[in-house]
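My notes follow in the order I made them.

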Amino acid sequence: MIKQSFRLFLVFNLFLNLSSFSQENPRLDYQYNGNVATLIKNKTTYNDYKRLYECHYADGSIATAQFCRVAGAAVNSKGEFFISDAGNKRIRKINRQNQVSTFAGSGKDGERDGSAAEAEFSVPGTITIDANDNLYILDGNVENVFFNDKSSIRKITPAGEVTTLLTSKQEFLVGEGLKFKFKRINHIVSDKEGNIFFTAEKENMIFKLGNKGGVNVFAGNKDKGMKNGDIKEARFANPSGICFDAANNMIVADVKNNAIRKISLQGEVTTIYSKKESTGKNTIGGKNLVDPYRVALDNLGNIIVTGKINEIMCIQPDGVLTSLAGGSYVAGSLEKGGTLYRDGGFKDGYAQEAQFLMPGDICFDKDNNMYVIDANGLRSLRVSKTSVKTESAGRPTPSQTPQINGKGVLKLVAGGAGSTMARMKDGYSDNAEFSSSIVSLTELFDNCIYLADAGNHCIRKISLNGNVSTIAGKYETQGKLLGEGLIGKRGYADGAAAAAMFDTPTGIAADSHGNLFITDRYNHLIRKLSKDGIVSTFSGNGSTGKKSGGYKDGRPEEALFNEPMGITIDKNDNLYIADAGNAVIRKITPTGFVSTFCGTATPGKNTPGVQEGMPGAAKFNRPEALATWGKNGLVICDRKASIIFACDSSGRARFLSGQGNSANMGKGFESFADGNIAEALFKNPVAITTDLKGNIYISDRGNSRIRKIERATNSVSTLFSVDMMKKSPQNDVIFFTPGGICLTREGTIYVVEDKYINKLVF
């Protein structure tokens, strides 16, 4: 029985993270924020009389058109989409208005060249397109659907003229003493010059069909093996999928070696990823790359792979293997030799819950939308309407106030892998681990959360699917006495993200370009993590290796800080720093120049206090967190004084809340009281964020509460408390020591509790 027809998995507006970072290159994870849905389901029916499946065929809108065994896909420079309709023996076209037409093929089984309407195809499969929009079709062999002993490579011009470049009837002298008839070609790809490269069934070589004719061995040898080096000496084991990167290096899916290989322009073969060489960090929950079948490069350097485990996988530029879609298990999945083989299935829904059956060819359009073919139909994964395109600004602004209806529930997002130790571990959701000293987190336009993991001296990222990764900072294995596992390594070093070192990074914020800025507390510096994955010292000459910082305004290389902690950025990309050790608020322009924006500090004679007033008169006790507020203002958490300050654009500070009527105001004796803003009390507030309406959200650590200051009513209320947690069995974690807090532009409140990252759901 012929297997069920291929489907095309179409990802509209695939949301890419342009501002994530890698160890040595950008980490560019795909972010899925929607559901997989079937757009076109191939139309076949079983004829009882003929005892075979019959194909259905119709042009028209994408909603009404009918396909049979879609086997290849490609997008030209105009954004037009071409499909190999293998069962109908035609090449179909979908224009920008989602109208389907027949581009070439009469529907008859044959090998006839000529005009598009007269041409005949056997079983059209893989499609590749050159720089001039010529199509090249692998005709006659569609793996996993048809196996026959004839293959051909056909060319179709933009005008629809069909010619045959190679057939299995021809015999080629491809090297010294090597003659071949290519009966089963696996895959084809064209380069910028119009040369065609292809792989063949059970051959351990990659072949080149020149644009002027003639076939030669491009790389490998008839002997099977796994060997890097010069293309003539390198060895492969049944290579299948091939593609080119932006620099015209070839990427190869080396099936039986379970490896992804690279052939440089200089003819050097290297291994990008190998199952044999992989470690725990580049596996997915114990799974690994198995029989990689097809590869493709997105516009940002990620290698997308389809293979035997019916999952869409990604090898990031740093070599880490991640799962993009199809992560759910299906009935009949088996564990073989430590690898999970999924039987495959067909299921729409959230990307990681969707199921695939024999996913194959992959392609991208100019906007980085991804298309994947498997054995069921044409499906889509759409991002939410609130998603921001990659060209947009890097720093999102909250656009909604959380809809608070009744009591809040704290739901776990990531962390708490079971260890009583505060360690560092990447992975999905509750398999990840953090330190217990996180007081700052932020959101970028990719909808991911970035946080300064102070106790691990590194910067971490939480993707939309809950995957936690370390994007900057070094780590090491801690001793057995402390419990086996990884722990961050403190120090000071600029450079590539993997080599950079921090000493208790505490605050984190993003500018409009997608760069991250970090307060490096005990290095007494402001560091920058660029969207290219490079760490540099943005401001401060620091006192690394010394016991304390200093205080000095001026140029970036001259400025001094003393335990900088909180950080926020205004709409003009000016940075504001809670310089806790100096008890002042500093301002840093985009060029790095430092000035004292608010508060009073005298080098060597600093005397913290609590006082309203203009710069030079106002005093703080220990400001540790701050956020932009209104058009040009700031709100500041003075943790030690337990007061919330407001600061206008001139740097004038005033008491906003927390001063109460206590005789010990500002000395840390305050406790708890909701109500009028002037009478409310806090205890050791450690983090703060705001929304566009001017409402303020505070992690009130000493009271084990999340508090809200309502600007419209000038009142303070409790959004979540330890008492609420005890009364609701729906809460995922304990709640005693709230830390960092972040309000996303969609109105979700993220809050840190000990080693857990949570969201507050109402």
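**Entry 1: N98.** I looked for N98 and found it in the loop between β10 (90–94) and β11 (99–104). The model I am reading is predicted. I checked the backbone next. N98 has a positive phi of about 60°, although N98 is not a glycine. Is N98 buried or exposed, or partly exposed? I noted a relative accessibility of 35% for N98, so it counts as partly exposed.

**Entry 2: D291.** Where does D291 lie? I traced D291 to the loop between β26 (268–274) and β27 (294–297). D291 is not a glycine either, yet its phi is positive, about 45°. I then looked up its accessibility. D291 comes out at 17% relative accessibility, so I wrote it down as buried. The cut-off for buried is under 20%.

**Entry 3: the sheet.** I moved on to an open sheet of 4 strands. In what order do the strands run? I read the order as β54-β55-β56-β57, and the pairing is antiparallel. Which strands are at the edges? I found β54 (623–629) and β57 (653–657) there, and each of them pairs on one side only. From one strand to the next, the twist averages 30°.

Entry 4: I picked β56, residues 643–647, and its partner β57. How many bridges join them? I noted 4 bridges, with the two strands paired in the antiparallel sense. I also looked across from C647. Opposite C647 stands A653, in β57.

Conventions
Residues numbered from 1 in each chain as written. Predicted model: local features only at pLDDT ≥ 70, side-chain atom pairs only at ≥ 80, totals over all residues. Heavy atoms only, no water. Pairing = 2+ DSSP bridges. Axes fitted to C-alpha atoms, helices over the stretch in contact; angles between N-to-C directions. Buried < 20%, exposed > 50% of the residue type's maximum accessible area, 1.4 Å probe, protein only.
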